[in-house]
Amino acid sequence: MQVSTVIAAGGHGKRMNSSVSKQFLTIKGHPILYYTLNKFEKMNIISSIVLVTGVDDMDYTREEIIRKYGFKKVKLVEGGKERQDSVYNGLREIPPQTDIVVIHDGVRPFVPIKLIEKSITAAMKYKAVGVAVPVKDTIKIVGDGNIIKSTPDRKTLWSIQTPQTFKYDIILAAYEKAISEGFYGTDDTVLVERMGLPVKIIEGAYENIKITTPEDIIFAEAFVALGFGDFRR
């Protein structure tokens, strides 16, 4: 079995209020993207990594991330306008003999190794797998004028994360269908859902945060200090 990874790292620093793309912000001496790539690079089950980033960040990523840290499995690919376009570019560049593909956000550096492994094992059985955590707060559906319309049962609500892991032929077909129909989803699993195929959810980890806003940097620094950025975690 061959397992490949697509790392989506084409975001910018808009919500971070930063002129530097958020994946390059430094946490305890290393860029966020380093911690993410290092975990997948050191996993024996992962045979190849396609890293997708924005056209303006290609040279920096090549020199200051891939070469500087000596990543051997990583192939750099230019991203597209939206995340979905970027991931599709990545999917088309992974080895054709790939059986399972793991799609992960470049700014989720604290994903536990065991969770990645669990998602791969689950994808072998269920073919399409999302990682998520039960929501902690009560969620409200709000309509016009910010008036509450309904309160869904919290037990049915999960907050989706990455990795999202699939049989390669299924996720490629899902992306091709979405692109051909001009449909854009907010994550990868929704593209499989709209094909009428089931997606298995496995429980993720609350420390598997997506670093998006300045407040997240505070949590990230604490997590690195606690060892969550280490490969063994």
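## Reading strand 10 and its surroundings

Guide: Strand 7 (residues 128-134) and strand 10 pair in the antiparallel sense, over seven bridges. Two strands count as paired if DSSP finds at least two bridges between them. This is a predicted model, where local features need pLDDT of at least 70, side-chain atom pairs count only at pLDDT 80 or more, and totals for chains, interfaces and linings use all residues. Residues are numbered from 1 along each chain as its sequence is written, and side-chain values use heavy atoms, leaving out hydrogens and water.

Visitor: Which residue stands opposite Gly130 in strand 10?

Guide: In general, strands of a sheet pair through backbone hydrogen bonds, either parallel or antiparallel. Here, Gly130 faces Gln164, and Ala128 stands opposite Phe166. Strand 6 pairs with strand 10 too, in the antiparallel sense over four bridges; there, Ile103 has Gln164 as its bridge partner. Strands (E, at least two residues) and helices (H or I, at least four) are DSSP runs, numbered from the N terminus.

Visitor: In what order do the seven strands of the open sheet come?

Guide: Read across, the order is 5-4-1-6-10-7-11, with mixed pairing. Strand 5 (74-78) and strand 11 (200-203) are the edges, each pairing on one side only. On average, neighbouring strands are turned by 25° against each other, direction ignored.

Visitor: At what angle does helix 5 run to strand 10?

Guide: Axes are lines fitted to C-alpha atoms, for helices over the stretch in contact (heavy atoms within 4.5 Å), and angles run from 0 to 180 degrees between N-to-C directions. Helix 5 (residues 168-181) lies across strand 6 (100-105) and strand 10, at about 115° to strand 10.

Visitor: Which residues line the second largest pocket?

Guide: Rolling a probe the size of a water molecule over the atoms shows where empty space is left. On a 1 Å grid over the protein atoms alone, using a 1.4 Å probe, a pocket is an open set of points with protein on both sides within 12 Å along at least five of seven lines; lining residues have an atom within 4 Å of a point. The lining here includes Arg108, Lys136, Ser159, Ile160, Gln161 and Tyr206. Strand 10 (residues 158-167) gives the most, with three residues.

Visitor: Is Thr121 buried or exposed?

Guide: Buried means under 20% relative accessible area, exposed over 50%, partly exposed in between (1.4 Å probe, protein chains only). Thr121 has 53% relative accessibility, so Thr121 counts as exposed. Thr121 sits in helix 4 (residues 113-126).
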